[in-house]
Amino acid sequence: MHIAFPCFGAVRMPGLRQCGLALAMATLLSVGMAGCTSLPQDPDERLEQLETNDPLEPLNRHIFAVNQAIDVIILRPIAVVYRDVMPEFGKRVVHNFVTNLRLPFTTINDLLQGQWNRAGVAAKRFVVNSTVGVAGLFDVATDNGLPYHEEDFGQTLASWGIGEGPYLVLPLLGPSNFRDAIGLGVQLVSDPVNIAANVTDHDELLWARAGIEAVDSRYQLLGVLGDLEQQSLDYYAALRSLYRQRRADAIRNGNESDTDGLRPGIAAFRSPPADPAWDLRVRDGEDGPLLAAVPAAPQELTQDGAEMIRAAVNEAVGPALPMPRP
Amino acid sequence: MKRFLHAAALLIVVVLAGSARADSGASDFIQRLTSKAVPELTDQSISVQERRNRFRHIMDDGFDMKAITRYVVGRYWRQASPPQQQELLSLARDYVVQLYADRFKDYSGVKVNISGERKEEGWTIVQTVIDQPAGKPQVRLDWRVEASGGKPAVTDMIIEGVSMVTTQRSEFASVIRQNGVDGLINLLKQRTGKA
């Protein structure tokens with residue numbers, strides 16, 4: 001069953017269990033995105049818009065600038081002091097501790113995605129490191145075949161077939177998109193560690209955790225973001241592209257063969273919409289790749305559907321070579 | 001509707017299967033490229049200039065920079081005048097040397113292991129895993145290899161799921177949208193010390 005949502009592609013409903021929530025989310029997203037249905041007719045411009053996926057760019061750039069200012073004044077200096085003052089051992093312990101606390105929520109999301117093995121690894125890792133590893137301060141699990149991974153609710157929504165929606169820069173939190181922003185909201189109220197702190201009346205622990213995570217994450221990113229900011233031609237555009245690609249990679253769990261040409265940016269480039277009224281998506285079906293043609297604008301089918309799709313497929317697969325040769 | 005989608009899917013599968021036939025020996029090519037590049041570029045005894053020269057040589061040899069530049073400039077390539085195109089081609093090469101060459105000094109001891117190969121429409125993805133010394137994490141690095149003038153050439157490097165070419169393309173587009181092709185040329189000149 002395919003439900004076409006403008007801008008979000010086809011939402012596939014694998015089973016009744018997930019139907020309710022997926023539908024609610026999709027409705028939310030499509031309501032939020034009522035304004036994005038007007039893609040330009042010019043194929044080049046259209047492709048560029050699909051690649052950048054940033055209809056709110058002016059607003060996003062504004063928030064980005066504010067975030068940058070806050071980063072320069074507060075967050076980065078703290079991370080630099082942390083790097084220089086805290087001994088290596090201390091930094092490792094802190095990192096172990098905060099990543100260990102993410103595992104219960106990761107386990108839940110693995111389960112929601114039907115990734116039973118990964119859920120098992122995350123759960124065992126949490127138990128091992130929380131006990132043998134002294135409340136998560138030491139990582140004994142990695143050496144015992146339980147490597148770390150993270151899953152959040154944004155990735156779970158993606159695994160249910162919910163599209164990312166437009167790019168979004170969140171105040172303080174930085175790069176995101178509509179789907180991942182909803183994921184963050186859900187996480188805030190459903191992370192077991194947060195709930196535990198909340199029901200035991202230790203809300204201050206939530207703030208402590210958020211603070212330590214912020215410092216640890218910023219410290220981890222000091223080198224990478226410093227290089228990127230210094231060397232990129234347009235830092236905002238570089239981060240936007242990086243966020244989208246890293247998220248796509250995380251959703252695939254690093255498994256490149258799951259792409260089906262769905263890598264953002266390149267995906268749009270590989271199969272440019274032949275007819276302005278249609279978007280084409282290749283998806284994994286039960287019997288191999290499945291082509292989903294979704295209306296780019298909410299309009300009734302006026303031509304013969306088969307003819308249209310056939311023309312679109314020829315157009316998309318035929319001349320869509322990635323590199324225009326000189 | 002569903003039947004039509006299945007028919008279309010079948011068509012796609014047939015087309016993809018057809019285009020995947022050409023065998024390019026892509027893995028061998030990457031094996032040769034990296035086993036030459038890593039020792040040459042991580043050599044600790046050479047000067048900065050020498051490392052850049054070697055990098056440029058390896059790049060011209062193994063990468064299709066012309067195709068990469070055209071893809072990265074994207075739709076604006078057609079809008080650029082022939083002199084602008086020439087300038088972009090030469091500046092893009094300088095920019096890439098500037099971006100990556102010096103970093104190889106810190107990469108001594110890395111090992112590139114080929115872990116797989118995958119045919120896609122029109123090109124081959126060679127998957128490698130980079131082993132770093134001293135307990136640093138492994139890095140996934142995929143190479144996109146295409147035939148260029150009868151010989152294989154790299155047209156993209158995808159590090160942990162991030163395509164260098166895609167990232168660069170989005171930056172270039174953003175700069176051109178704001179400041180035009182000349183704005184991009186000026187910025188590249190500035191970055192490569194030619195302004």
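In this predicted model, the side chain of B:Arg144 lies over the face of B:Trp123, 4.3 Å from the centre of the ring.

Over all chains, a search of the whole structure finds nine aromatic pairs. One of them joins A:Tyr82 and A:Tyr219: the centres are 5.5 Å apart and the planes stand at 80°, so the pair is edge-to-face. This pair links distant parts of the chain, since A:Tyr82 belongs to helix α3 and A:Tyr219 to helix α10 of chain A, 137 residues apart. Both A:Tyr82 and A:Tyr219 are buried. In chain B, the rings of B:Phe104 and B:Tyr107 have centres 5.4 Å apart and planes at 75°, and this pair is therefore edge-to-face. B:Tyr107 counts as partly exposed because its relative accessibility is 33%. Chain A also holds an aromatic cluster formed by A:Phe64, A:Tyr167, A:Tyr235, A:Tyr236 and A:Tyr243.

Helix α7 of chain B deserves a separate description. This helix, residues 164-191, has 28 residues, yet its end C-alpha atoms are only 18 Å apart, short of the 40 Å that a straight helix would reach at 1.5 Å a residue. A bend of about 120° is found in α7(B) at B:Asn179. At the N-terminal end, B:Ser163 caps α7(B), with a side-chain oxygen 3.3 Å from the backbone nitrogen of B:Val165. After α7(B) comes B:Gly193, which has a positive phi near 70°.

Methods: Residues are numbered from 1 along each chain as its sequence is written. Chains are lettered from A and ligands numbered from 1 in the order in which they are written. Side-chain values use heavy atoms; hydrogens and water are left out. Rings of Phe, Tyr and Trp (its six-membered ring) pair if their centres lie within 6.5 Å; planes under 30 degrees apart count as stacked, over 60 as edge-to-face and the rest as tilted. Helices (H or I, at least four residues) and strands (E, at least two) are DSSP runs, numbered from the N terminus. Buried means under 20% relative accessible area, exposed over 50%, partly exposed in between (1.4 Å probe, protein chains only). A charge sits over a ring if NZ of Lys or CZ of Arg is within 6 Å of the ring centre and within 35 degrees of the ring normal. The expected span of a helix is 1.5 Å times one less than its number of residues. The bend at a residue is the angle between axes fitted to the seven residues ending there and the seven starting there. A polar contact is a pair of N or O atoms within 3.5 Å; within protein, one must be able to donate a hydrogen and the other to accept it, and residues adjacent in sequence count only if both atoms are side-chain atoms.
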